[in-house]
Amino acid sequence: MRYNVESYGFFATPCNNLGVQIVLYMNTKQIYLDNAATTKVMNEVGEAAVHAMTEVYGNPSSLHRLGIDAERLIAYAKKQIMAALGVTSEQGEIIFTSGATEGNNTAIFEIAETYGKRRKRVVTTTVEHPSVEKAFDRLEEKGFEVVRVGPDENGEITADSLYSAVDENTCLISAMLVNNENGYILPIGEAFQKIKKRYPDCFTHCDCVQGFEKIPLSQKKLCADIITLSGHKIHAPKGIGAMFIKKGVRLTPLMVGGGQQKGVRSGTEPVPMIYAFGKAVEILSGNLSERYNHATEINNYARNRLSEIGAVILSGTSASPYILSIAVPNIKSETMLHFLEEKNIFVSSGSACSKGKTSDVPTEFKVEPQYLDSIIRLSFSFETSESDIDALCEAVSDGMKNLAKIRK
Ligand code: PMP
């Protein structure tokens, strides 16, 4: 057995009357391959949050200088996010939320409430995150006609299939850019452009959580009226997200109160989280393509090495390089997950959001039934190295030799 030793050495401690004893220590490195679930906050980002908490602590609604300073941090973060989406303040607004769950809920419920009085059809896909999926289930209970577009026999969701689901009676289409379970990239730009051209009154919403700051994207290319983002997937803290809302889109607010954020989302803005989010966006926007190339190299390396040891690669080659879905034949996902955990390697079984429940997404993507119980999701960051993948492969093949097989 090999340990992933990050550092080792020795130190001397007093020992009875005999002088000193030499203690050897080994720090076992954590190999974190669960970046689609959440990411480690970057140091500069954490420092930005502390700065806002301890120094720029005014309420951004206060009229005095401390309030204005806090407001400036919010303006900075908005500017960074707008630049990353390729938009200006003339084109729309950035509204901060508690995360993408709130963003997705707000977009879907509020578009339906504001524009769905007469146009009762809404369209989504069968592979969305539960924060979209369940919002549509609720709209269905309220009497909306929900159309859910799924992958075809090749596991592809085509722009045409999304376009064909929309008609003149449709008030909303909501579809994700990158699937959180296998990294599949949906043809959102192509689909939304066609839809907007033919049905300009149909609102387009895109959950960009797993694409933002990972793959190149722009609001214009996506042709999205509303975009939702989450901070904790991009090395900012948990509990902060943002929505881009195109000018002219009216949302009936989900949160009412003090009228902050132009009344769209009342509640005192969490300035430290917002500032930290902005800082993460600024840093990551500076090296998106470098990180993308790194993720691609790691992904290719992992595909090759894992195939060699008998794992099955489930993610298609055109998926986001940040997510790699695999199956380890005949070994239950959770058994493998905990086996790896004991070796300080952290992965996910399917997606973290489907904790305790099996997700339908792999079936939707036509994963063969014999692999459904054996899926492991690996997700990378700029910190992932080839030696992390080597350690993973060694541990997986160890597991394949030693773990109890799934009973047929
Ligand atoms: N959408 C997608 C695609 C996600 O991966 C996630 C997080 N798992 C969410 C939405 C929800 O984001 P948050 O945790 O910020 O609520």
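**Figure 1. Exposed and buried sides of helix α9.** On one side of α9 in this predicted model, S289, E290, E297 and E308 are exposed. The buried residues of the helix are L288, R291, A295, I298, N299, A302, R303 and L306. Viewed down the axis of α9, these buried residues fall within an arc of 140°, so they line one face of the helix. Helix α9 spans residues 288–308, 21 residues in total, and reaches 30 Å from its first C-alpha to its last. That length is close to the 30 Å expected at 1.5 Å a residue.

Figure 2. Just after α9, G310 takes a positive phi of about 100°.

**Figure 3. The largest cavity.** A search of the whole structure finds two cavities of 30 Å³ or more. The largest cavity has a volume of about 60 Å³. Its lining consists of T39, E213, K214, I234, H235, L284, R291, Y322, F380, S381 and F382. By class, this lining has five nonpolar, three polar and three charged residues. R291 of the lining is also one of the buried residues of α9.

**Figure 4. E213, a lining residue with positive phi.** E213 lines the largest cavity and lies in the loop between β8 (203–207) and α7 (219–222). Phi of E213 is near 65°, a positive value in a residue other than glycine. E213 has a relative accessibility of 4% and therefore counts as buried, the cut-off being under 20%.

**Figure 5. The second largest cavity.** The second largest cavity has a volume of about 40 Å³. I95, T97, E102, T106, M243, L254, M255, V264 and R265 line it. The elements that give two or more residues to this lining are β4 (92–97) and α3 (100–115). The lining residues of the second largest cavity divide into five nonpolar, two polar and two charged.

Figure 6. N330 lies in the loop between β12 and α10 (333–342). Although N330 is not a glycine, its phi is positive, at about 70°. N330 is partly exposed, with a relative accessible area of 33%.

Notes: Residues are numbered from 1 along each chain as its sequence is written. This is a predicted model: local features need pLDDT of at least 70, side-chain atom pairs count only at pLDDT 80 or more; totals for chains, interfaces and linings use all residues. Side-chain values use heavy atoms; hydrogens and water are left out. On a 1 Å grid over the protein atoms alone, a cavity is a set of points where a 1.4 Å probe fits but cannot get out, and a pocket is an open set with protein on both sides within 12 Å along at least five of seven lines; lining residues have an atom within 4 Å of a point. Grid points are joined across faces, edges and corners, and a volume is the space filled by probe spheres set on the points. Ala, Val, Leu, Ile, Met, Phe, Trp, Tyr, Cys and Pro count as nonpolar, Asp, Glu, Lys and Arg as charged, and the others, Gly among them, as polar. Helices (H or I, at least four residues) and strands (E, at least two) are DSSP runs, numbered from the N terminus. The expected span of a helix is 1.5 Å times one less than its number of residues. Buried means under 20% relative accessible area, exposed over 50%, partly exposed in between (1.4 Å probe, protein chains only). The arc is that of the directions from the helix axis to the C-beta atoms.
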